[in-house]
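This briefing covers the salt bridges of one protein model. It groups them by where the partners sit and how accessible they are.

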Amino acid sequence: FAFINSVAVMGVAPSGPLPGSDCIPGTDRPIPDAPRADARHYTLKTSMHGPWPGMETIMLGMGCFWCSENVFMKMKGVHSTQVGYAGGVTKNPTYEQVSSGRTNHNEVVRVVYDPQAVTLRDLLKAFWEKHNPTTLNQQGNDCGTQYRSGIYFYSDDQRIVAEETRDAYQAALRAAGKKGQISTEIVPAPTFYFAEDYHQQYDAKPGSRQYCGLSPLGIKFPA
């Protein structure tokens, strides 16, 4: 991550989205090192592909997906998590392609949760508190469109909660004297493309770098 991110900072990767015609087209075939159809979550031991009866799903972008997945896979009521790429143009992108800035994809975590055990508001409380939503296309030292803040909803009810919590957190930032404007995109969930298997639950696996690029503002979400 550090090497590729430093390349982005130096200007090799664009700082904003490209015209679709300038993006890598991709392929109709899933990347060969994506999780297999029978893959299980490294810590939760649940299915990575589903189906997940009785569960709901939300997709979130908040910087490096190693870090964001590590936040949510430890929360009570979370059934499964997967990291991947979404919101761009390139079909079935690889990590190297996304890191080039030429796909328009975001690094995301897809969170599958039991709504009887944890609410979307609880999940979004962690989302707002654990990263800086005011830095456009950047989280800490990680720069590029793949590190943008985003909430990708699967229902209108989720959209309403996302927008309400955004407005509440913006008010909390103002009350704390923070001048930044939240730049989080809140849009319908686009196609989710699995990231490579070695990225899944990265922080929980032996030999991980324990990297955390999240840059929270230290402001609590209002009760």
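In this predicted model, Glu129 and Lys125 are joined by a salt bridge, with an N to O distance of 3.2 Å. The whole structure holds 7 salt bridges, some of which are described below by topic.

**Within helix α4**
- Both Glu129 and Lys125 belong to helix α4 (residues 120–129), where they are 4 residues apart, about one turn of the helix.
- Glu129 is buried, at 13% relative accessibility, because the cut-off for buried is under 20%.
- Lys125 has a relative accessible area of 34% and is partly exposed.

- A salt bridge connects Lys91 and Asp28, whose closest N and O atoms are 3.2 Å apart.
- This pair links distant parts of the chain, the two residues being 63 residues apart.
- Lys91 lies in the loop between β2 (78–86) and α3 (95–99), while Asp28 lies in the loop between α1 (2–9) and β1 (56–62).
- Lys91 is partly exposed, with a relative accessible area of 41%.
- Asp28 is exposed, at 64% relative accessibility, because exposed means over 50%.

**The Asp38 and Arg36 pair**
- Asp38 and Arg36 form a salt bridge through their side chains, at 3.3 Å from N to O.
- Arg36 is exposed, with a relative accessibility of 61%.

Terms used: Residues numbered from 1 in each chain as written. Predicted model: local features only at pLDDT ≥ 70, side-chain atom pairs only at ≥ 80, totals over all residues. Heavy atoms only, no water. Salt bridge = Lys/Arg side-chain N within 4 Å of Asp/Glu carboxyl O. Buried < 20%, exposed > 50% of the residue type's maximum accessible area, 1.4 Å probe, protein only.
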